[in-house]
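Let's take a walk along the place where two chains meet. Have a look at the model below, and then we can go through it together.

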Amino acid sequence: SVSHSQITRLYSRFTSLDKGENGTLSREDFQRIPELAINPLGDRIINAFFPEGEDQVNFRGFMRTLAHFRPIEDNEKSRDQNGPEPLNSRSNKLHFAFRLYDLDKDDKISRDELLQVLRMMVGVNISDEQLGSIADRTIQEADQDGDSAISFAEFVKVLEKVDVEQKMSIRFLH
Amino acid sequence: MEDVWLAVAARVGAVWLAAVLGLIVVPSALGVSLGISEAYMWVLVKTLEWATLRMEKGDKNPQPQELKTSTSSNGIIERDETPMEEEIDHLNRPNFELSDIFYFCRKGLEAIVEDEVTQRFSSEELVSWNLLTRTNANFHYISLRLTIVWAIGVVVRYCFLLPLRITLAAIGITSMIVGTTLVGQLPNSSVKNYLSEVVHLTCSRILVRALSGTIHYHNKENKPKKGGICVANHTSPIDAIILTNDGCYAMVGQVHGGLMGVIQRATVKACPHVWFERSEFKDRHLVAERLKEHVADKNKLPVLIFPEGTCINNTSVMLFRKGSFGIGGAIHPVAIKYDPQFGDAFWNSSKYNIVSYLLRVMTSWAIVCNVWYLPPMFREEGEDAVQFANRVRSAIARRGGLTELPWDGGLKRAKVKDTFREEQQKNYSMMLVRNGSVG
């Protein structure tokens, strides 16, 4: 599990981002980070920190979201077979990415949602038609139950060969 | 009864003032050192070394030694620097993949945990505690002896050093104002210039003493000459004093109100500093014109400019404003690196105003810094102002051991421009259409 020094450092980071000094972070606090502000999916990522309908996230929520990105090998040390699945399991990491696409949280990625996310990633550089055909092809390849949308199970199947653990993990230095 | 106390207080005050004048002000005015500050620094260094050893002994979780040596490894996480093209490998696979999102996702989360920019606008983290309460955020209680030393330190700093430094600062500022006003009455002549230099140098030296400053100047043969422009990295308003302690410059800056304004008005009579009204400063052409005028006169003192435009925390050098690099003439770069172990020189202007900043500086142990004068640089054929500015910036960063960041210091207060995000989007789009066909 997370070490004491890691928690201290993350808390220190949390407070340095908390310009209002009220123990919670707002969306503006995140947007003040230049490298995040220029990330095409910055807003979606920021959104992942805020529970439904809320505008503030406290330290616990902050840590919870970050916990998805702990490397999976950390779990080797604390093998708890009967406990709930850890947040940084392969499945939960995939779920985090799935939620970035699933804008209306209906557990399905529709063509429309895929188009919107693609638009965020490419900006103005690709036409609507081209983007549309990218979206169509992607859904066609993934869709197995014929509902023209990608469910979480279909999402997992498409990505079964991808090294999710490596791509969705952040390593702490100490 | 009260008369006796008053008399005693007056006596004590007089003795105090005489001691300060005799032991500190006069020698520094003459440029002579009595060795008092060297002795103080020696005691300080020994104490801090002892403290570090104590803390390492008492540390229950010893860290591997490499992590403590340099501040660059003080990071929280291991940043993955793989560029977008490698990570989202489209050479071998058809175009868009659902997994492309992982790259942006991880980059975003990494930036949330630790980013290159916002950390530069707050004080540098120390490798080991330097016995000041303010830097004690990440360190725990170690031992009784250490706490006692810390307590003694508090008493020494607040009850002895602080009044001493305030006295010196008062003397320094008053002499500066009075001296430059007097010199300003003289008609323009070489005598006036000489006296003006004397006054500026003397008062700077007194003010450096007021901060318990220990400055090491390197490569003095490269000191900025008349008619040139001196550029340096910016950490605090003290930078100016650090540099004027060793030479005379014409300052450039906005006119302020209050005490600063009084100083500005007095000094400009003796020496042709370039003070702008706030509205004028925004007009870049006007600034450039005035500077060109000044630089063209080879008899005028070198101009001192801080091209970052704002205070950065002395771990990196941010983008230089290109204004001063398009004027022509010699640019004399200077690198200033403070040693954070003895006191934090960085002015976090969004957190502290100037007065609380100065109080914090005056209750630190000392201000220790290295100043490197670099050889003059000239704009080359075919090089525009921006490229020249970056070249100078690299030279300063390399000399001072600072990192170079391609970010603007203005990000302290302003939002980042949309163009950077559009660039990322463009790069990604180019990968999607790279294979000719899209889809």
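How many salt bridges are there between chain A and chain B? The count is one. Keep in mind that this is a predicted model. The salt bridge pairs A:Arg13 with B:Asp115, and their closest N and O atoms lie 2.9 Å apart.

If you ask which element of chain A gives the largest share of the side touching chain B, turn to helix α7 (residues 111-122) of chain A, which brings six residues. Sorted by class, that side of chain A holds 37 nonpolar, ten polar and nine charged residues.

Now step back to the whole contact. Chain A contributes 56 residues and chain B contributes 49 residues. The size of an interface is often expressed as the accessible area lost when the parts come together. Here, about 5,100 Å² is buried between chain A and chain B, and carbon and sulfur atoms give 69% of it. On the chain A side, A:Arg9, A:Glu35 and A:Ile38 supply 14% of the area buried against chain B, more than any other three residues.

Strand β5 (residues 171-172) of chain A runs antiparallel to strand β1 (residues 77-78) of chain B, and two bridges join them. Within this pairing, A:Phe172 stands opposite B:Ile77 of β1(B).

Note on methods. Residues numbered from 1 in each chain as written. Chains lettered and ligands numbered in written order. Predicted model: local features only at pLDDT ≥ 70, side-chain atom pairs only at ≥ 80, totals over all residues. Heavy atoms only, no water. Contact = heavy atoms within 4.5 Å. Buried area = accessible area lost by both parts, 1.4 Å probe. Salt bridge = Lys/Arg side-chain N within 4 Å of Asp/Glu carboxyl O. Helix = DSSP H or I, 4+ residues; strand = E, 2+ residues; numbered from the N terminus. Nonpolar A, V, L, I, M, F, W, Y, C, P; charged D, E, K, R; others polar. Pairing = 2+ DSSP bridges.
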